[in-house]
Amino acid sequence: MGNEKQVDSGRRGLLVATCAAGGVVGLATTGALVSTFQPSERAKAAGAPVEVDISTLKPGEMTTAEWRGKPVWILKRTPEMMASLAKTEDKVADPLSEKPFTMALPSYCEKQSRSRKEHSDVLIAVGICSHLGCSPGKKFEPGPQPSLPDDWAGGFLCPCHGSTFDLSGRVFKNKPAPQNLDVPPHMYLTDTKIIIGKDEKGEA
Amino acid sequence: MAFIEKKLPADAPVIEKALGWVDSRFPLTKLWNDQWGQYYAPKNFNFWYIFGSLAMLVLVIQIVTGIFLVMHYKPDASLAFASVEYIMREVPWGWLVRYMHSTGASAFFIIIYLHMARALMYGSYRKPRELVWLFGFAIFLCLMAEAFFGYLLPWGQMSYWGAQVIVNLFGAIPFIGPDLSLWIRGDYVVSDATLNRFFSFHVIAIPLVLLGLVMAHLIALHEVGSNNPDGIEIKDTLDANGHPVDGVPSHPYYTFHDIFGVTVFLVIFSAVVFFAPEMGGYFLEYNNFVPADSLKTPLHIAPTWYFTPFYSILRATTSEFLRVLMVGIAAYVGLIYLKTKLPSIVKIAIAGIGLLIILGMQPWGLDAKFWGVVLFGSSVMILAGLPWLDRSPVKSIRYRPMWHSYVLIVFAIVFVTLGYLGTQPPSPTHERISQVGTVIYYGFFLLMPWWSAMGTFKPVPKRVTFKPH
């Protein structure tokens, strides 16, 4: 019917303009809906540094603190544990922590102990595996055991996909996890009091 | 077109008059006849053809029990776990509703996997049923999403850490990954925000899409007609009335046939609901009876059983395994070059993509975690390609070479083995087995264009194999 009629170019132009305007409104609305998925202001605000008292922590013991909803391990390593780090040096994928997971190793941390020099026996690491975010479990006992190699020197095992980490939180080679565990910014307020999420340079 | 009121004699029964009144305004009788009453289905359906109806039944069970669960459940990170326990212990009969829902989830996947196995055996996805298959595939994806979102709601340890792992899968995507997983969670960790949005997806968004897709699946099926164990088009042989000679109207024949199947299913379903709702930790995992703790991953975490075959493929992808994959891709591109008649531009494109993937798999390229996610995703997506991967000249396994059925059996064993390994803690031996399984899994699909056309095919009869009973 309408095929024989000439297209009214003025009306066609208006039609296109109306569709375009409607499309813009539609896209903007979609944008608003998609944006509601972002972390809310409240979620962003939660993330203050936390203080931990380690005066009761004995060598070989580990405690866990919560920082930004994530577990932060504080492990006081024994001399034998510290000695194991030299043995794992060539078995870990990134001994110098050059490929950071979510945060770079703080510059004040040693490469092997991944701790501050004056407290090199205390490991402070975010206990979240760089593979898919599970929290690895403690496997401090050396020697052969299920899911672990026979020359195991002590470390952590992620229950989800079997990634293993040494006692400095460095991931072993050929494991699903691509990076070492995060070491959060931290500093010692006293010899036995640590603050996590804050250092001399300010809050993380 | 002028409106025509359907005329009925004055002494017609009231019910007929009412139906006539409706039919003049809404195609009620026509819909019934097109979709079921006068829908001619092949008369040689066997045991494998019950799963479509059963899937429909379970969908209804899930929606109805779900409605009642929402009346008592609280989607709040501090209340969710306790509200589920409240349903279990204090709401009258709440335990029954909840166990029906949790058992229904697993039953749904058992039924759907068997439903898809049927399609694989009898070539039900072959032309002209490609869209039936694709809609069904989309339903399967929705079902997986539905199961995943729903699993977070009880807010137990498995809920929490399962969601953590799956959301972090998106984090493996280069560049946008970390922001994408943050956007999905709505927080820096799985939290109340995550629980609330998953609740919304689970109770409204996905079910809406699911219902639409189920309708599309059925409309497409009833348009082209059902396949059958002989893989013959019954519409090729019609009787004087234009109905397929080898077909029977679904009502009453398949109505009563399916009611029998439903009865058997409900006996088994009730037995599970009443006597083994946890199914030894497979339907409801023990760790999920511990409230979510964001600081401690349970020592053994595994997805619910229906995800584990794909999960095993994810775990099998280590940096060592990438070398096997690179050889596999190079060989596959070579095979396409030598053995297909594709236009050379397509071949060059495929070779280019192959080369890019191999480069990306280099030690300095993208890490094994990313490729694990790619393999995990593509192991599901590859199912959508079946209508085009299968090049067998006949549809049904009955008329294909005997060894084709052995290939199917090996594939089924591999699928179940991968599923079993996915429920087990990681170990070097299991890793090797799942790597072999992954190679067979992909080989089955990617080599299908060749193996499915090889061998001596049996002649396909004109009429279906059917013994009156």
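How many bridges join β1(A) and strand β9 of chain A, and in which sense do the two pair? I began my notebook with this, and I found that β1(A) and β9 (residues 193-196) pair in the antiparallel sense over 4 bridges.

**Before going on.** I noted that this is a predicted model, in which local features need pLDDT of at least 70 and side-chain atom pairs count only at pLDDT 80 or more, while totals for chains, interfaces and linings use all residues. Residues are numbered from 1 along each chain as its sequence is written, and chains are lettered from A and ligands numbered from 1 in the order in which they are written.

**The sheet in chain A.** I looked up the terms: strands (E, at least two residues) and helices (H or I, at least four) are DSSP runs numbered from the N terminus, and two strands pair if DSSP finds at least two bridges between them. I then traced an open sheet of 3 strands in the order β1-β9-β8, with antiparallel pairing. β1 (50-53) and β8 (186-190) of chain A stand at the edges with a single partner strand each, so one side of each is left without a neighbour in the sheet.

**Positive phi.** Ser97(A), with a positive phi of about 50°, lies in the loop between α3 (79-88) and β4 (122-126) of chain A. Is Ser97(A) buried or exposed? Ser97(A) is buried, because 22 other C-beta atoms lie within 10 Å. Phe175(B) has a phi near 65° and is found in the loop between α7 (157-170) and α8 (177-185) of chain B. Phe175(B) counts as exposed, because it has 7 C-beta neighbours inside 10 Å.

**Cis peptide bonds.** I found a cis bond from Lys127(B) to Pro128(B), with omega near 5°, and Pro128(B) is in the loop between α5 (94-122) and α6 (130-152) of chain B.

Key. A residue is buried if 20 or more other C-beta atoms lie within 10 Å of its own, exposed if 12 or fewer, and partly exposed in between; C-beta atoms are placed from the backbone.
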